[in-house]
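I opened this notebook to record what I looked up in the structure below.

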Amino acid sequence: MTSAPDAPEQGFRLSQLIYDTRYRSLTIQAIVFILVMGGAAWLVDNVIQNLNDLGKDFNFSFLGQRAGYDIGNAIIPYNNDMSHGRALLVGLINTLWVSFLGCVAATIIGIFVGVLRLSKNWLVARLMTVYVEVFRNIPVLLWILVAIALLTDVAPSPNAYKVNQQTGEAQASMLLDSVAFTNRYTAIPSVHFDRSLGSLDTALAPISLNFLALVIVLIASIWVNKRMLTHAAKVQEATGVRPTMWWKSALVLIAPVVILAIALGINPEEPQIKGFNFTGGTNVSNSFVALWLGLSLYTAAFIAEIVRAGILAISKGQTEAAFALGLRANRTMSLVILPQALRVIIPPLISQYLNLTKNSSLAIAVGYLELRGTLGGITLNQTGRELEAITLMMLIYLAISLSISGVMNVYNNRVKLKER
Amino acid sequence: MKKSVFFGALTAATLTAGLAGAATLDDVKSRGELICGVNTGLVGFAAPDANGNWSGFDVAVCQAVAAAVLGDPSKVKYVPTSGQTRFTALGSGEVDLLARNTTWTFSRDTDLKLQFTATNYYDGQGFMVRKDSGVTSAKELDGASICIQTGTTTELNLADYFKANNMSYQPITVDSNAEGEQQFLAGACDAYTTDASGLAATRAAFANPSDYVILPEIISKEPLAPAVRQGDDQWTDIVRWTVFALIGAEEYGVTSANIDELAKGTDNPEVNRLLGTEGDLGAMIGLDKDWAVKAIKANGNYGEIFAATIGEQTPIGLARGLNAQWTQGGLMYAPPFR
């Protein structure tokens, strides 16, 4: 019996790179890789060449120069004598602030709407459908513009709050004598302490030690509360009876902070109309509110759909089993359905957070100066460093996005199904 | 929205390699069209009418250059640019010429690699307030909210002015003149600040212009000049001398009415040189002999353009002031055509 003839022994031929299936995919990959790298190199070379032709260099020293412009809504101390780098930081913090508040609001609204859209109540379910369809099908920029137009046109100007000398009355009156809605900002009371512990000067911003103390006490209370709850769970496991916890928790969480705050002499500092504008309190600018509202309502519509999809992904049997155990509908939702639905919800939710953060760059439309407005707007224009500013801005957005998905992935790993 | 403009400009900067260095004159001639960067809409300076035809003081510069180079003032493509996008548009080669009330400053001239040709309007930054606010001087604006266009020199002037006078203000940043107008009318700011000419033009478009006053203080020098890219001296000369031709024409009494008559030859050698009947100045900048005739014919001389677009007979109602001829006590002064 003869064995099957071996493949003819011969050397490697170049044509094998195309005709031999063993090598073909490698060949294609190598060619594509070379083309892509070549294209990138050509682009980079072109940029360098053009910069040379224009007599421009690529350096970031402009970040150290005096900015010279003012920013209306800086969270950290800033004035026009500070550097472009500082203005960048102000913008970055504004971006993070509005994104953070936007994500929080969008999540809360989104979960509510998503759950209610599955409600058995016909009217509620339809209303939520209308909300979702209206908000997610109209560009977010338009929502932001609608919000600013409403805020600007509906509210009176600060002047309307001025007391007329002749009549002794003002055209508009403040809500509870402490909140004033105007067409520029909402003036709200700010927190004032009679006794100050001083403040800690950091490079970023001076931090009031009073606030620091309150935060530390609050964190300590939360930790103690957690210990107490763990203890209660142990007692429950051992005896089957869970000790009444709610008033103890409330006491531990609230009492220390309140006592400390009173000891420090906390009182609200109410805004007063003085000259053209309110002073004394905090003025939350309409551009910020409009941006925040637009971003959160828009993103909430998407989150609602994600939440709904997550809930629908949990089999009906889970609900029926919970009902069979005697759990009420709302307990079923919060104890059985939502925790499982989270596994489906979290990954697409990350994308929504990233979208919201990136969409915050639309702030330029309403004049809220965040990263795009300071670094990518005024700084870019005043220094003429387009390439540097845009590159830096892209890197910063990339870093923010990667951090958000990093944090959310950690959370996702904690809630995802643990297979043992 | 804006981001795409930047990326567009970036891509343009990378892909259209070498364009910036090439001769703009040849590009314009082979294209048969001048691409002119103008304001997004400032009545009197550059604004499209209901039919999409642009007109205005800055537009007249574009048309004069197009007439001088291509022989036809209508061969202009207008690219509306915002305060933010204008320099990128020019630098990337998207536009050949930027005639968009742009202030000539040191850093723009040197660091931004622009070439300002010749000042065609001497302006200064002012403030506009509502009449019923009772404000009569910019010194009374302490604590006011002020609407300001981003990406302009006015932003820096404002900061400097309030600092120098030890006053505070709340900047309300807007992206375009239209948005500033809207915010100001809605009362979102106490004062609107930009170049005084821009204020006058903006006010002219209001429903009740008399309810608003422009404060007397002028807080800066704003020489507005058409700009081109650095590194193309021939093109710079063409634009610069076209503007000077318009200014000179007014000084020598050359108007759109009598130019055909004068172009046949006059007793004044300077006029003859300007209009190409004596010598050949056009050839020195790569244009026809009668380039200036065509440029002046487009919309008339500087004085005629001024009167027709922003002068006292128009709703904008700007007086000549600093922009009168030097012989009338103004700053408009064309170097000799020789």
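This is a predicted model: local features need pLDDT of at least 70, side-chain atom pairs count only at pLDDT 80 or more; totals for chains, interfaces and linings use all residues.

The entries below cover annotated segments, a helix pair, a sheet and the contact between the chains.

**Entry 1: annotated segments of chain A.** I consulted the UniProt record, an unreviewed entry, which lists "transmembrane region" for residues 23–44, 96–118, 130–151, 203–224, 245–267, 287–314, 335–354 and 389–411 of chain A. I then checked the secondary structure of two of these segments. Residues 23–44 of chain A are 100% helix and 0% strand, with 32 Å between the end C-alpha atoms. Residues 245–267 of chain A are 78% helix and 9% strand, and here the end C-alpha atoms lie 31 Å apart.

**Entry 2: a helix pair in chain A.** I examined α8 (residues 286–313) and α10 (residues 329–359) of chain A, whose axes approach within 8 Å and cross at roughly 155°. Since angles over 145 degrees count as roughly antiparallel, α8(A) is therefore roughly antiparallel to α10(A). I recorded the crossing of α8(A) and α10(A) as right-handed. The residues that α8(A) brings to the contact include A:Leu295, A:Phe302, A:Ile306 and A:Gly310; among those from α10(A) are A:Ile337, A:Val344, A:Pro348 and A:Gln352.

**Entry 3: a sheet in chain B.** I traced an open sheet of five strands in chain B, in the order β10-β9-β11-β8-β12 and with mixed pairing. At its edges stand β10 (169–174) and β12 (212–214) of chain B; each has a single partner strand, so one side of each lacks a neighbour in the sheet. The twist from one strand to the next averages 30°. B:Cys147 has B:Tyr192 in β11(B) as its bridge partner. I also noted that helix α7 (residues 177–185) of chain B lies across β9, β10 and β11 of chain B and runs at about 160° to β9(B).

**Entry 4: contact between the chains.** I asked how many residues of chain A are in contact with chain B. The count is 35 residues of chain A against 38 residues of chain B. On the side of chain A that touches chain B, the elements giving two or more residues are α2 (21–54), α5 (140–154), α11 (371–383) and α12 (386–415) of chain A. The most come from α2(A), with seven residues. By class, I recorded eleven nonpolar, 18 polar and six charged residues on this side of chain A.

Technical notes. Residues are numbered from 1 along each chain as its sequence is written. Chains are lettered from A and ligands numbered from 1 in the order in which they are written. UniProt positions are given in the numbering used here, feature names are shortened, and annotations may be inferred rather than shown by experiment. Helices (H or I, at least four residues) and strands (E, at least two) are DSSP runs, numbered from the N terminus. Two strands pair if DSSP finds at least two bridges between them. Axes are lines fitted to C-alpha atoms, for helices over the stretch in contact, and angles run from 0 to 180 degrees between N-to-C directions. Two residues are in contact if their C-beta atoms, placed from the backbone, lie within 7 Å. Angles under 35 degrees count as roughly parallel, over 145 as roughly antiparallel, 65 to 115 as roughly perpendicular and the rest as oblique. A crossing is left-handed if the near helix is turned anticlockwise from the far one by less than a right angle, and right-handed if clockwise. Ala, Val, Leu, Ile, Met, Phe, Trp, Tyr, Cys and Pro count as nonpolar, Asp, Glu, Lys and Arg as charged, and the others, Gly among them, as polar.
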